[in-house]
Amino acid sequence: MIYLDNAATTRVTEEVFEQIKPYFCEQYANPSAIYSFAGKAMSAVDEARKSAAELIGAESNEIYFTAGGSESDNWAIKAAAELYKDKGKHIITSTIEHHAVLHTCQYLEKQGYEVTYVNVDENGVIRLDELEKAIRPDTVLITVMAANNEIGTIQPISEIGRLAKKNGILFHTDAVQAYGHIPIDVNEMNIDMLSASGHKLNAPKGVGIMYIRKGVRIGSFIHGGAQERSRRAGTLNTAGIVGFGAAAKIAKEKLEENAKKEIALRDYLIKRVMDEIPYTRLNGDAVKRLPNNAHFCFKFIEGESLLILLDQNGICASSGSACTSGSLDPSHVLLAIGLAHEIAHGSLRLTLSTENTKEEIDFTVDKLKEIVARLRSMSPLYEDFVKQQS
Amino acid sequence: MYSEKVMDHFNNPRNVGEIENPSGVGTVGNAKCGDIMRMYLDIDENGIIKEAKFKTFGCGAAVATSSMATELVKGKTIQEALQVTNKAVMEALDGLPPVKVHCSLLAEEAIHAALWDYAEKNNIKIEGLQKPVNDIEEKIEEEY
Ligand SMILES: Cc1ncc(COP(=O)(O)O)c(C=O)c1O
Ligand code: FES
């Protein structure tokens, strides 16, 4: 099997798993308990919090563990809206956010909030001039992702942070795809709140963090016990948290090395595909892109068929095609960068990890060439195109 | 998610291709998901479908239903071919997931479009055949 869907989720590495293991059968104490048996679990949680914070230049007490990226996004946006409802009810976001952000914003719209969805350019970079113009006296939150999960475009977070700060507006970023993959510094970038998720970083699924800048007084989202300084209730997921911390620590040590390795492999993959498969478009920015993301549209073919045939060759990948979406609409991100429906249809996302090899990439491109040619030979659109050419 | 039969017809689609100078050819699409199916028919002087070929731009279910539809109409009379509904195609494929039912409508409509083209070319009227829609979304909205 060749796994090229690391933006969907990643493998828990042995190095991380070894550190998690003791917290199931042996160190199973509730970390919040008073007896000494709980001490080891609590200090492991503290250690993890420190690692999670250090990766983004934050303080330990600014990190709150959650059940993942979706929860953190929901919390940040709903709680910020609630906190400032007397100041204003206007939120600014982008058209290419993850559904965890978009659907939360849509929910708030139903509650009487107003949301401006700022457009992106053809590479998926947010239009800063539009964002600046969208700011109003009643704007209470700007939420823009650090990097896009489909096309991999990295957003100008520093510039957005500066704009937010200048205008006294809270800035949240969904960094689920960026955290541990590209450098982030919450102070340099003026980030007030940040969401990240363990399973995109070789930690387990179902654990994430919310960074909340000291002094930002948003309320809690999950009500209950006094965990996480009464801001996020629920018995601590010790094993998950330890895994998150371990992965964050490794990511900090190896950020540059990993990125370099992935970028080399990514650019090799992109070059081969663009050189060898005609009528192909690279989506997203060529340079401002996540180290592990390659995203293409192959004209005249459909993504689900492509995925099934790749799967039959042992290759795991994903697509933003309408047919794979369940809703029959192509991905909102591909439409936002201006792609026509039938082009968005033939989309393919390949997301690497440092464990992928050049041999795997070569095999994938070789198979991809065959599959695209085969699907084109069955495509009425390709038939029309060829007839028009002659 | 797909039945074995669907996967079989997806992997080894029967009758992919074009027919030169076909008796009838029809192209239908689904503007919503963007898929397009083209059906070619070769009909002899006795009104028997000698050959059927297709090309499809669409999901696994769309390819499999096109393939099955061509198999089901081959050797049939025009009237028999009209009985090849999307339900018949789905049954022959051991069913489709609910979100993929519309893909089978594309196959039914492509047969109708090809027969309509044949009727127009030959100036005949086929009993029970209605003018096909270009976009099956109209039809889905009526029926579901
Ligand atoms: C950009 C982005 N935000 C949020 C999420 C949701 O994260 P989780 O799966 O941890 O809830 C994802 C993961 O798919 C993502 O890619
Ligand atoms: S043809 Fe698009 S979902 Fe089947």
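Let's settle a word first: a residue is called buried with under 20% relative accessible area, exposed with over 50%, and partly exposed in between, using a 1.4 Å probe and protein chains only. Helices (H or I, at least four residues) and strands (E, at least two) are DSSP runs, numbered from the N terminus.

You're looking at a predicted model, where local features need pLDDT of at least 70 and side-chain atom pairs count only at pLDDT 80 or more, while totals for chains, interfaces and linings use all residues. Residues are numbered from 1 along each chain as its sequence is written, chains are lettered from A and ligands numbered from 1 in the order in which they are written, and side-chain values use heavy atoms, with hydrogens and water left out.

Start in chain A with helix H7, residues 157-166. Its buried residues are Ile157(A), Ile160(A), Gly161(A), Leu163(A) and Ala164(A). Looking down the axis of H7(A), you'd find these buried residues within an arc of 160 degrees, so they line one face of the helix; the arc is that of the directions from the helix axis to the C-beta atoms. Turned away from that buried side, the other face of H7(A) carries exposed Arg162(A), Lys165(A) and Lys166(A). What do the buried residues of H7(A) pack against? Their partners in chain A are helix H6 (128-134), strand E5 (139-143) and strand E6 (170-174), with contact meaning heavy atoms within 4.5 Å. Just after H7(A) comes Gly168(A), with a positive phi of about 65 degrees.

Follow chain A onward and you reach Tyr179(A), in the loop between E6 and strand E7 (193-197). Tyr179(A) has 1% relative accessibility, so it counts as buried. Leaving out residues up to four places away in sequence, Tyr179(A) touches Ala52(A), Leu55(A), Ile56(A), Ile184(A), Leu194(A), Ala196(A), Leu201(A), Ile209(A), Phe244(A) and Ala248(A). Take Leu55(A): it sits 124 residues from Tyr179(A) along the chain, yet their C-alpha atoms are separated by 8.0 Å.

Now over to chain B. It has six helices and three strands, running α-β-β-β-α-α-α-α-α from the N terminus. The C-alpha trace of chain B spans about 45 × 30 × 25 Å along its principal axes. A compact globule of 144 residues would have a radius of gyration near 15 Å, and chain B agrees with that at 14 Å; the radius is taken over C-alpha atoms, and the globule rule is 2.2 Å times the number of residues to the power 0.38. Buried residues make up 60% of the 144 in chain B. Among its contacts between residues at least 6 apart in sequence, 64% join residues at least 24 apart.

Thr70(B) counts as buried because its relative accessibility is 0%. Beyond residues up to four places away in sequence, Thr70(B) touches Arg14(B), Asn15(B), Met39(B), Ala52(B), Lys53(B) and Phe54(B).

Finally, a look at some backbone angles. Most residues other than glycine have a negative phi. Asn21(B) has a positive one, near 45 degrees, and is found in the loop between helix H1 (4-11) and strand E1 (24-30). Is Asn21(B) buried or exposed? At 72% relative accessibility, Asn21(B) counts as exposed. Asp94(B) also has a positive phi, near 60 degrees, and belongs to the loop between helix H4 (86-92) and helix H5 (101-121) of chain B.
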